[in-house]
Amino acid sequence: MQRGLTSILLIVTFAASLPAEQPDFPGTFSILGYDPATGEIGGAVQSRVFSVGNGVLWAEADAGVAATQAIVDVSYGPKALALLRQGVKPDAIVKQILDGDPDPGLNGRPWPKAGRQFAVMDAKGNYAAYTGPEATKWAGHKGGRFCTAQGNILASEAVVAGMVEAFEKTTGHLSLRLMAALDAGQAAGGDTRGKQSAAMLIVKKDGGVWLHNDVVLRLQVDDNPEPLNELRRLVEMNARRVRPRQ
């Protein structure tokens with residue numbers, strides 16, 4: 001009997017020590033940016049979820065880039081790109097997509113559109129962003145010169161403010177500026193749940209390394225205790241091996 005009680009106690013103690021299940025609201029903090037000198041446009045993101053790059057960032061050369069996160073509806077991404085191709089302005093895109101969201105829930109449970117976070121930037125660096133009132137706090141966005149930063153479940157507003165400042169002050173390739181923004185966001189407290197994954201996507205018409213390739217850079221770190229360190233290693237490797245293209 002004593003052995004049985006001990007086994008039960010061990011099981012209960014082990015279960016209590018397991019980490020709580022992480023919320024599956026991806027896209028904790030992201031930045032969209034444009035480089036007028038090269039015409040490249042893209043975004044970067046970091047979060048305490050697995051494979052945050054799977055659905056947050058959407059970009060198309062000569063159209064623009066979008067980030068959809070928080071209580072996310074991934075369809076916002078391709079819808080935004082389709083409207084950008086039609087020449088619709090970013091602020092009108094945000095309104096049109098939100099107004100057309102039927103708020104269907106997810107697998108029979110609430111998934112309120114009032115908690116969505118969404119940013120759109122066109123191919124010239126004009127942008128608009130939205131943070132729903134039910135996005136998990138702290139949540140918000142901040143715009144800068146040719147950039148917009150947004151996030152949820154953050155330490156504070158200093159995260160997005162630091163990202164914009166770092167993007168504006170950093171020189172060099174767009175990838176290095178986006179990377180500096182993510183590092184600054186993390187330095188300001190980042191995602192209060194911790195770190196797990198990161199991603200970056202940059203596009204330009206025929207800007208890739210192969211024929212008819214519009215993807216300048218597509219990087220994903222899906223599961224890493226220090227995802228930004230690994231993402232920076234890849235970004236800097238790319239910067240060393242590829243000469244800037246005008």
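Helix 2 (residues 76-85) packs against helix 3 at an angle of about 135°, and their axes lie 10 Å apart. Axes here are lines fitted to C-alpha atoms, for helices over the stretch in contact, and angles run from 0 to 180 degrees between N-to-C directions. Helices (H or I, at least four residues) and strands (E, at least two) are DSSP runs, numbered from the N terminus. The model is a predicted one, in which local features need pLDDT of at least 70 and side-chain atom pairs count only at pLDDT 80 or more, while totals for chains, interfaces and linings use all residues. Residues are numbered from 1 along each chain as its sequence is written, and side-chain values use heavy atoms, with hydrogens and water left out.

Helix 2 and helix 3 are therefore oblique to each other. Angles under 35 degrees count as roughly parallel, over 145 as roughly antiparallel, 65 to 115 as roughly perpendicular and the rest as oblique. Helix 2 passes helix 3 in a right-handed crossing; a crossing is left-handed if the near helix is turned anticlockwise from the far one by less than a right angle, and right-handed if clockwise. On the side of helix 2 the contact (heavy atoms within 4.5 Å) is made by Y76, K79, A80, L83 and L84, and on the side of helix 3 by I93, Q96, I97 and L98. By class, this contact has seven nonpolar, one polar and one charged residues. In this grouping Ala, Val, Leu, Ile, Met, Phe, Trp, Tyr, Cys and Pro count as nonpolar, Asp, Glu, Lys and Arg as charged, and the others, Gly among them, as polar.

Four strands form an open sheet in the order 3-4-5-6, with antiparallel pairing; two strands pair if DSSP finds at least two bridges between them. Strand 3 (57-60) and strand 6 (127-131) are the edge strands, and each pairs on one side only. From one strand to the next the twist averages 5°. Helix 3 (residues 90-99) packs on this sheet, where it touches strand 5 and strand 6, and its direction makes about 145° with that of strand 5.

The sheet can be followed strand by strand. Strand 3 is joined to strand 4 by four bridges, and E60 stands opposite G64 in strand 4. These two strands form a hairpin with three residues between them, in which D62 takes a positive phi near 65°. Strand 4 (residues 64-70) is mostly covered, as seven of its seven residues are buried; buried means under 20% relative accessible area, exposed over 50%, and partly exposed in between (1.4 Å probe, protein chains only). Seven bridges join strand 4 to strand 5, with G64 opposite D122 in strand 5. Strand 5 (residues 116-122) then pairs with strand 6 in the antiparallel sense over five bridges, and A119 stands opposite A129 in strand 6.

Strand 7 (residues 140-144) and strand 8 (residues 147-151) run antiparallel and are joined by five bridges. H141 has Q150 of strand 8 as its bridge partner. The hairpin has two residues between its strands, and F146 in the turn has a positive phi of about 60°.

A further helix pair is made of helix 4 (residues 158-169) and helix 5 (residues 174-187), packed at an angle of about 150° with their axes 7 Å apart. That angle makes helix 4 roughly antiparallel to helix 5. Their crossing is right-handed. V159, G162, M163, A166, F167 and E168 in helix 4 meet residues of helix 5, including L174, R177, L178 and A181. By class, the contact has 10 nonpolar, two polar and two charged residues.

Helix 5 also contains D183, which counts as partly exposed because its relative accessibility is 26%. D183 touches L228 and R232, not counting residues up to four places away in sequence. D183 and L228 are 45 residues apart in sequence, yet 7.0 Å apart in space, C-alpha to C-alpha.

V203, in strand 9 (residues 197-203), counts as buried at 3% relative accessibility. Not counting residues up to four places away in sequence, V203 touches residues including I41, A59, E60 and V215. The C-alpha atoms of V203 and V215, 12 residues apart along the chain, are separated by 4.6 Å.

As a whole, the protein has six helices and 10 strands. Of its 246 residues, 48% are buried. Among contacts between residues at least 6 apart in sequence, 58% join residues at least 24 apart.
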